[in-house]
Amino acid sequence: MKKHHLLSSILLLTLAACAGVEARESILMPTMSRAYSTLIARHVEAGIVAQLDQGEIDAIRAGELRDSSAAMQDALDSGIRSEVAALPWSDLRGLAREGVQARVARGEIGPGVGMSHYETINQFDLRHAQLLNR
Amino acid sequence: MNLSNETVGQDFADMLRDSAERLGINLEQAPEAIRRYSAESLLRLSASVGQAGHREALQAETMNVALFSAGVAVDSGDLADRELVGNIAGGLAIGARLLAGA
């Protein structure tokens, strides 16, 4: 009886794990991909431009960062978690925040709009952690 | 264009409802956590009324609810809930993207 109960528990846990993987692939990554292409990539680009303008990076480094951002989009589109995990999200996240900050400082967007953009970066960051931790 | 908090709130509520309706989803059936987060989004959106780039805030907040919902869907242990919330996340993410071209 105990053995049967154990097997049932293992089966349920396996099914739950499979469902988690399925949700990750069918819901989480496509939503993150849309968020990246629609909003995050734009913030990252604004951050790269801000760093270039301030002389913090040179054109070569800017090119590398743009490649990383494009790679992140490709990885999210691929739906392969290990490809996303291999990329430096923390660097891109920093650039995205800096990009929003620079746009607010220039008056291109208001501070309240900036808060909404920061929250998008925060939500993406949480989902990124969720994706890698599951 | 003179935007009031009510106008913005209505825009956002319409956006959420339209995205959901296209997928045959009743947002009132969404889990409490999502309805609560949507209310927080609306508060943030209200703070940007009259500011430069307000339309971007509408787009961002739509995407924020989509991202939040995706997280809820992955954590949900119930298949029906996961499907419902997954559809909400997908529909809103598409809606936010459409707003970019609006």
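User: How much of the chain A contacts with a separation of 6 or more comes from residues 24 or more positions apart?
Analyst: In chain A, 68% of the contacts with a separation of 6 or more are between residues 24 or more positions apart. Keep in mind that this is a predicted model.

User: How many helices and strands in chain B?
Analyst: Chain B comes out with 4 helices and 0 strands, and its pattern along the sequence is α-α-α-α. Buried residues are 50% of its 102 residues. Taking contacts in chain B between residues at least 6 apart in sequence, 71% join residues at least 24 apart.

User: Let's do the interface. What area is buried between chain A and chain B?
Analyst: About 2400 Å² is buried between the two chains, with carbon and sulfur atoms giving 62% of that. Ile27(A), Thr31(A) and Arg34(A) supply 22% of the area that chain A buries against chain B, more than any other three residues.

User: How many residues does the contact take from each chain?
Analyst: There are 31 residues from chain A and 32 residues from chain B.

User: And how many polar contacts across it?
Analyst: The rule finds 13 residue pairs in polar contact across the interface of chain A and chain B, both residues being at pLDDT 80 or more. On the side of chain A that touches chain B, helix 1 (2-53) and helix 5 (111-133) each supply at least two residues. Helix 1 of chain A gives the largest share of that side, 13 residues. Sorted by type, the residues on that side of chain A are 12 nonpolar, 11 polar and 8 charged.

User: How many salt bridges across the interface?
Analyst: The rule finds 2 across the interface of chain A and chain B, and over all chains the count comes to 10.

User: Which side chain does Arg103(A) meet in a salt bridge?
Analyst: Arg103(A) pairs with Glu56(B), at 2.7 Å from N to O. Glu56(B) sits in helix 3 of chain B and Arg103(A) in helix 4 of chain A, so this pair joins two chains.

User: Are those two buried or exposed?
Analyst: Both Glu56(B) and Arg103(A) are buried. They also belong to a network of salt bridges that links Arg42(A), Arg103(A), Arg106(A), Glu108(A) and Glu56(B).

User: Switching to chain B: what does Glu61(B) form a salt bridge with?
Analyst: Its partner is Arg44(B), with the closest N and O atoms 2.8 Å apart. The pair links distant parts of the chain, with Glu61(B) in helix 3 of chain B and Arg44(B) in helix 2 of chain B, 17 residues apart.

User: Why does Arg44(B) count as buried?
Analyst: Because its relative accessibility is 18%, and buried means under 20%. Not counting residues up to four places away in sequence, Arg44(B) touches Met115(A), Ser116(A), Glu119(A), Tyr37(B), Glu61(B) and Asn64(B).

User: What about Glu64(A), which side chain does it meet in a salt bridge?
Analyst: That would be Arg61(A), at 3.1 Å from N to O.

User: New topic. Which residues have the most contacts inside the largest nonpolar core?
Analyst: Tyr36(A), Val44(A), Phe124(A) and Met63(B), in a core of 51 residues. From chain A, helix 1, helix 2, helix 4 (89-106) and helix 5 each supply at least two residues of this core, as do helix 2 (32-46), helix 3 (54-75) and helix 4 (79-100) of chain B. The largest share, 12 residues, comes from helix 3 of chain B.

User: What does Phe124(A) touch?
Analyst: Leaving out residues up to four places away in sequence, Phe124(A) touches Met32(A), Ala35(A), Tyr36(A), Ile40(A), Leu76(A), Trp89(A) and Leu67(B).

User: Last one: where does Ile80(A) lie?
Analyst: Ile80(A) is in the loop between helix 2 (59-78) and helix 3 (81-85) of chain A. Ile80(A) is partly exposed, at a relative accessible area of 38%. Not counting residues up to four places away in sequence, Ile80(A) touches Met29(A) and Ala75(A). Met29(A) is 51 residues from Ile80(A) along the chain, and their C-alpha atoms are separated by 8.7 Å.

Technical notes
Residues are numbered from 1 along each chain as its sequence is written. Chains are lettered from A and ligands numbered from 1 in the order in which they are written. This is a predicted model: local features need pLDDT of at least 70, side-chain atom pairs count only at pLDDT 80 or more; totals for chains, interfaces and linings use all residues. Side-chain values use heavy atoms; hydrogens and water are left out. Contact means heavy atoms within 4.5 Å. Buried area is the accessible area (1.4 Å probe) that two parts lose on being put together, summed over both. A salt bridge is a side-chain nitrogen of Lys or Arg within 4 Å of a carboxyl oxygen of Asp or Glu. A polar contact is a pair of N or O atoms within 3.5 Å; within protein, one must be able to donate a hydrogen and the other to accept it, and residues adjacent in sequence count only if both atoms are side-chain atoms. Ala, Val, Leu, Ile, Met, Phe, Trp, Tyr, Cys and Pro count as nonpolar, Asp, Glu, Lys and Arg as charged, and the others, Gly among them, as polar. Buried means under 20% relative accessible area, exposed over 50%, partly exposed in between (1.4 Å probe, protein chains only). A nonpolar core is a set of buried Ala, Val, Leu, Ile, Met, Phe, Trp, Tyr and Cys residues joined through side-chain atoms within 4.5 Å.
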